[in-house]
Amino acid sequence: MSWTITYYSPKVKMEIDELPKGIRADLLRLYDLLTLYGANLRLPHSRAMGSGLFELRPTGKEGIGRVFYCTQAGWQIIMLHSFIKKTQETPEREIAIARKRLKKVKNGH
């Protein structure tokens, strides 16, 4: 059985679709791995952020992207939030957006 990727909202899908071309290409490669391994995908491709939040780590010639996601029963992966990294540390504001959306998903949206 393989995992299915869905999006928190149409806006999240649009933001991911608008990532720079190189980062998006790497993200599509990571999506393939994610549908195979799901929650078992680990570094360097994915990292657990705690409390059921994970980040995909796509890169491209344009820089470094991050896409936060969570998993649900029924082999579901929900993309919660994406952004382009501009600093070494992931900005707390970006993590807060993902955690807020994760909480809504866990509570039934």
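Q: What makes two rings of Phe, Tyr or Trp count as a pair here?
A: Two such rings pair if their centres lie within 6.5 Å, and planes under 30 degrees apart count as stacked.

Q: How many aromatic pairs does the structure hold?
A: This is a predicted model, and it holds 3 aromatic pairs. One of them is formed by F54 and Y69, with 5.4 Å from centre to centre and 20 degrees between the planes. Because that angle is under 30 degrees, the pair is stacked.

Q: Which strands do F54 and Y69 lie in?
A: F54 belongs to strand β3 (residues 53-56) and Y69 to strand β5 (residues 63-72), so their pair ties together parts that are 15 residues apart in sequence.

Q: Are F54 and Y69 buried or exposed?
A: Both F54 and Y69 are buried.

Q: And what about F68 and F83?
A: F68 and F83 also form a stacked aromatic pair, at 5.9 Å centre to centre and with 25 degrees between the planes. F68 lies in strand β5 and F83 in strand β6 (residues 76-85), so this pair ties together parts 15 residues apart in sequence. Both F68 and F83 are buried.

Q: Turning to pockets, how much space lies in the largest pocket?
A: The largest pocket holds about 210 Å³ of space.

Q: Which residues lie nearest its centre?
A: Of the 13 residues that line the largest pocket, R47, K85, Q88, E89 and T90 lie nearest its centre. Strands β2 (46-50) and β5 each supply at least two residues of the lining.

Q: How does that lining divide into nonpolar, polar and charged residues?
A: The lining of the largest pocket has 7 charged, 3 polar and 3 nonpolar residues.

Terms used
Residues are numbered from 1 along each chain as its sequence is written. This is a predicted model: local features need pLDDT of at least 70, side-chain atom pairs count only at pLDDT 80 or more; totals for chains, interfaces and linings use all residues. Side-chain values use heavy atoms; hydrogens and water are left out. Rings of Phe, Tyr and Trp (its six-membered ring) pair if their centres lie within 6.5 Å; planes under 30 degrees apart count as stacked, over 60 as edge-to-face and the rest as tilted. Helices (H or I, at least four residues) and strands (E, at least two) are DSSP runs, numbered from the N terminus. Buried means under 20% relative accessible area, exposed over 50%, partly exposed in between (1.4 Å probe, protein chains only). On a 1 Å grid over the protein atoms alone, a cavity is a set of points where a 1.4 Å probe fits but cannot get out, and a pocket is an open set with protein on both sides within 12 Å along at least five of seven lines; lining residues have an atom within 4 Å of a point. Grid points are joined across faces, edges and corners, and a volume is the space filled by probe spheres set on the points. Ala, Val, Leu, Ile, Met, Phe, Trp, Tyr, Cys and Pro count as nonpolar, Asp, Glu, Lys and Arg as charged, and the others, Gly among them, as polar.
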